[in-house]
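Hi,

Here is the structure I promised to pass on.

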Amino acid sequence: MKHIYLSFFFCLIALHNLFSQEAITAKVVDAKTQEPIPFVTISYNDKNGVISSDTGDFTLYIDEVVSETDSLFISCLGYNEVRYGANDFSDKIIQLETKEIELDEIVLLNKNYSVEEILDRVKDSLEMNYDTDYVEQKVFFRTSDYTNVQNKSVKIKESSIPEINQQFTDSLIMAVPSKSSYHTEILGDLYVKMEEDNQTSKLAILKASELYDKNNQLSFKGVEEKLQNIMRKHVKRDSYFKIKSGLIGAKSDIDSSVFADKELDTLMEAKLKKEKERKENFLKYRSSYMNIILKRNFIYEDSDLNFIHKSRKYDFVLEELLYLKDDLVYKISFVPDGGADFKGMMYVNADDYAIVRLDYENIKPLKNINLFGVSYKDYLLKGTFLYTKNDRGKYSLKYLEENSGEIVGFDRPVTIIEKNKNVKGRRKQNEIATDVDFTLQNSVKVELVVFECNPVDKQQFEEFTPEPTVIPTYLPDYDSSFWEGYNIIAPNEAIKEFKSID
């Protein structure tokens, strides 16, 4: 009986802890200007916490009973750190005062280095400052894709298939939305090993959501089904397509699913196969995308952000000294001095010469191609890196934001020819000749937050094998309750205001 009472007692404690989760929500602003402050660190008992969004908003969940000795610490570059008692915190607006640097504090620094000498020390300290060993991180990764079709036109010049005419083609074009957005959020475990000029990472997705207007997809799906029916009627199973644009040509096999006999297919098997493929593709794409973003890091010598390793391409100016908590930080601006693509601002710890924050932005298109009616313009790449010290005393990534943009244009004749080598006589079966004119603008905003960073050994890293088990939950409208209980970065206004069109 005693054991029963003890078990019951411990169950009560567990339930109390489960339902005693604290949620602290507020906005951080500049005390003088009242403008929101982005990238503020809000930590609980000076441990890992959350980062405020670009509008200064944050929500911090605390998974334990809060006592009178527990504290919130709010800190940001150039501002006085403030401390609040966590158990009685009720402010909705947190005002931070700027922290001025006194002359005697500069004298005490006793490091009257030129900007070139500071950069040399930054470069010499890279390997020592940043954690390149095996780590396990709890991460939140958000991507927001915005598409704007600026021009869309397909003119039918010739068609051997009566159903594929100008009217049908116009219906296809109309099904393509002129403007659309797609937002994905994931929470996962990320295992990382940074190497000299590369990075290896493994991602396991724990929870995910996707936010988009499914009506756009349904509209296009209806037209797509009509196209499949036309193909079943006029195109042979063992044919292939030859796609030509001027002198340029390419061969394309026909997807066998177009001819699938739905009555003979096992519906459940097809559904399970599709679900498995979707899980695999979702994990593969998110993992690959995250790895590409992380490899942009200025630490790597072959990175496009090469202002450290190829500093001769830039002009540097020491702007001022700031405080980050109790540490003095050099604020250094840089602009290209021939051949480089980026300008920006870096913040260097005056004690160990680690870059604790980097803001960068391209000053000219990274790529600009316009040839024979095909154009591509990579017009935008800007972002922010934030670093903090981990339990090993090394700097590791805390927050990453990146905004990118591109414009793709295609204005050329396109001919699609069905060919079949098993038919006697001419191989050509059908032909559709068109003039295509499309211009597409796409922009992407990416945010990555690291909430936990724990060391692991090589064996743990190698034995960790991510399994594709998650399909993102579809959200037709923004739902603030989806991530309730999880520490993430607050959504931007575009996500908050997103609604599917009924």
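Below is what turned up, from the whole chain down to single residues.

First, the ground rules: this is a predicted model, so local features need pLDDT of at least 70 and side-chain atom pairs count only at pLDDT 80 or more, while totals for chains, interfaces and linings use all residues. Residues are numbered from 1 along each chain as its sequence is written, and side-chain values use heavy atoms, with hydrogens and water left out.

The overall picture: the protein chain has 8 helices and 21 strands (DSSP runs numbered from the N terminus: H or I of at least four residues for helices, E of at least two for strands). Of its 502 residues, 42% are buried (buried is under 20% relative accessible area, exposed is over 50%, and partly exposed is in between, with a 1.4 Å probe and protein chains only). Among contacts (heavy atoms within 4.5 Å) with a separation of 6 or more, 67% are between residues 24 or more positions apart.

Now the salt bridges (a side-chain nitrogen of Lys or Arg within 4 Å of a carboxyl oxygen of Asp or Glu). The whole structure has 18 of them. One joins the side chains of D131 and R392, at 2.9 Å from N to O. That pair links distant parts of the chain, 261 residues apart: D131 sits in the loop between α3 (115-129) and β8 (134-159), and R392 in the loop between β18 and β19 (395-419). D131 is buried at 7%, whereas R392 is partly exposed at 32%. Another pairs R357 with D359 at 3.2 Å; R357 is buried at 15%, and D359 is buried at 18%. E493 and K496 also meet, at 3.8 Å; they are 3 residues apart in helix α8 (residues 493-496), so about one helical turn separates them. Salt bridges with shared partners also join R142, E185 and E447 into one network.

Leaving aside neighbours within four places in sequence, the contacts of E447 include F140, R142 and I489.

Helix α4 (residues 166-175) has F168, T169, I173 and A175 as its buried residues. Seen down the axis, these fall within an arc of 160 degrees (taken from the directions from the helix axis to the C-beta atoms), so they line one face of α4. Q167 and M174 are exposed on the face turned away from that buried side. At the start of α4, a side-chain oxygen of N165 comes to within 3.2 Å of the backbone nitrogen of Q167.

Finally, the backbone. Most residues other than glycine have a negative phi. Y353 is not a glycine, yet has a positive phi of about 65 degrees; Y353 is buried at 8%. F372 has a positive phi of about 55 degrees, but F372 is exposed at 65%.

Cheers

How values were computed: A polar contact is a pair of N or O atoms within 3.5 Å; within protein, one must be able to donate a hydrogen and the other to accept it, and residues adjacent in sequence count only if both atoms are side-chain atoms.
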